Amino acid sequence: MASFNKVILLGNLTRDPEVRYTPKGSAVCDLGVAVNRQYTLDSGEKREEVTFVDVVLWSRLAEIAGEYLKKGRPVFIEGRLQLDTWDDKQSGQKRSKLRVIGETMQLLGGRPPGTGGGSEGGEEARASRGKTTPPPKPAAGGESDDDEIPF
C-alpha cells in the first residue's frame, strides 16, 4: 500500500520567520502562513475564511526564509504534514499540533527593499534529501515572465 503525504500552500506570512539552530548546527525556521478561501452563499453573500498554518523549514531552506521572508509576504510552500503530540506539564492533558514540514518554497512577489535587484517573479529554493538550492539570480534583463509561475 502506497503512502501519500503532500501539502501545497499558497498564502501570506502572518509573522516574521524565526530562525534558530540546533545544538548540532542545523538551521530551523518557524513561520506562520495564512491561507484564504473565498466563497458565495446561496443567498449571494460573499464570504472569506482564513486558515492559519504553522510551517517548519530546515537547513538551507530555513536560512533562505529567514533572509528573504517578512510578515505579509506571499509564499508558496510544498511539504508534508506532521502531527506532534505531548503531555501538557501544567494540565497533564495530552496535546497535539498539526503542522507542515516544508520541503520546497517559492518566494512570490518582488524582492523586499534593500536586497538588491528589482525582479518581480519568484525565487525558488528546494530541499530534497538534505540538499538545498539557493534562489536563482534574476534574469539579465531584470524582468520576469509571469507565465513561469506554476499555478
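Me: Which residues does V55 touch, not counting residues up to four places away in sequence?
Reply: This is a predicted model. Residues up to four places away in sequence from V55 are left out of the list. What remains for V55 is L9, C29, D30, L31, V33, I77, V100 and G102.

Me: How many residues are in the largest nonpolar core?
Reply: V55 is among the residues with the most contacts inside this core. L31, V33, L57, L69, V75 and M105 are also on that list. In soluble globular proteins, nonpolar side chains tend to be buried together. The number of residues in the largest nonpolar core is 22.

Me: Is D30 buried or exposed?
Reply: D30 is one of the residues that V55 touches. Its relative accessibility is 18%. Buried means under 20%. So D30 counts as buried.

Me: What is the N to O distance in the salt bridge of R20 and D30?
Reply: Side chains of opposite charge can pair when their charged atoms come close. R20 is in strand β2 and D30 in strand β3, 10 residues apart. R20 is partly exposed, with a relative accessible area of 44%. The side chains of R20 and D30 meet at an N to O distance of 2.5 Å.

Me: How many residues apart in sequence are the parts that R15 and D54 tie together?
Reply: R15 forms a salt bridge with D54, and their closest N and O atoms are 3.7 Å apart. R15 lies in the loop between β1 and β2, while D54 lies in strand β4. So the pair ties together parts whose separation in sequence is 39 residues.

Me: Which residues are linked with R15 in a network of salt bridges?
Reply: R15 counts as partly exposed at 27% relative accessibility. D54 is partly exposed too, with a relative accessible area of 24%. The structure holds 12 salt bridges. In the network, R15 is linked with E18, D54 and K97.

Me: Which residue meets R80 in a salt bridge?
Reply: R80 is in strand β5, and its partner is in strand β6, 23 residues apart. R80 counts as partly exposed at 31% relative accessibility. The N to O distance is 3.3 Å, and the partner is E103.

Me: Which residue has its backbone nitrogen 2.8 Å from a polar atom of the side chain of D88?
Reply: D88 is found in the loop between β5 and β6. At 18% relative accessibility, D88 counts as buried. The backbone nitrogen of S91 lies 3.2 Å from a polar atom of the D88 side chain. At 2.8 Å, the backbone nitrogen belongs to Q90.

Me: Leaving aside neighbours within four places in sequence, which residues is D88 in contact with?
Reply: D88 sits in the loop between β5 and β6. Neighbours of D88 within four places in sequence are left aside. The contacts of D88 are then Q93 and R95.

Me: Is L83 buried or exposed?
Reply: L83 is in strand β5 (residues 74–87). L83 has 54% relative accessibility. Exposed means over 50%. So L83 counts as exposed.

Me: Which residues make the nonpolar surface patch of about 290 Å²?
Reply: L83, in strand β5, is one of them. At 54% relative accessibility, L83 counts as exposed. The patch is made by L81, L83 and L98.

Key
Residues numbered from 1 in each chain as written. Predicted model: local features only at pLDDT ≥ 70, side-chain atom pairs only at ≥ 80, totals over all residues. Heavy atoms only, no water. Patch = residues over 30% accessible without salt bridge, like charges linked within 9 Å, V, L, I, M, F, W, Y side chains within 5 Å. Areas by Shrake-Rupley, 256 points an atom, 1.4 Å probe, with all protein chains shown as cover. Salt bridge = Lys/Arg side-chain N within 4 Å of Asp/Glu carboxyl O. Helix = DSSP H or I, 4+ residues; strand = E, 2+ residues; numbered from the N terminus. Buried < 20%, exposed > 50% of the residue type's maximum accessible area, 1.4 Å probe, protein only. Core = buried A, V, L, I, M, F, W, Y, C linked by side-chain atoms within 4.5 Å. Contact = heavy atoms within 4.5 Å. Polar contact = N/O pair within 3.5 Å; in protein donor to acceptor, adjacent residues only side chain to side chain.
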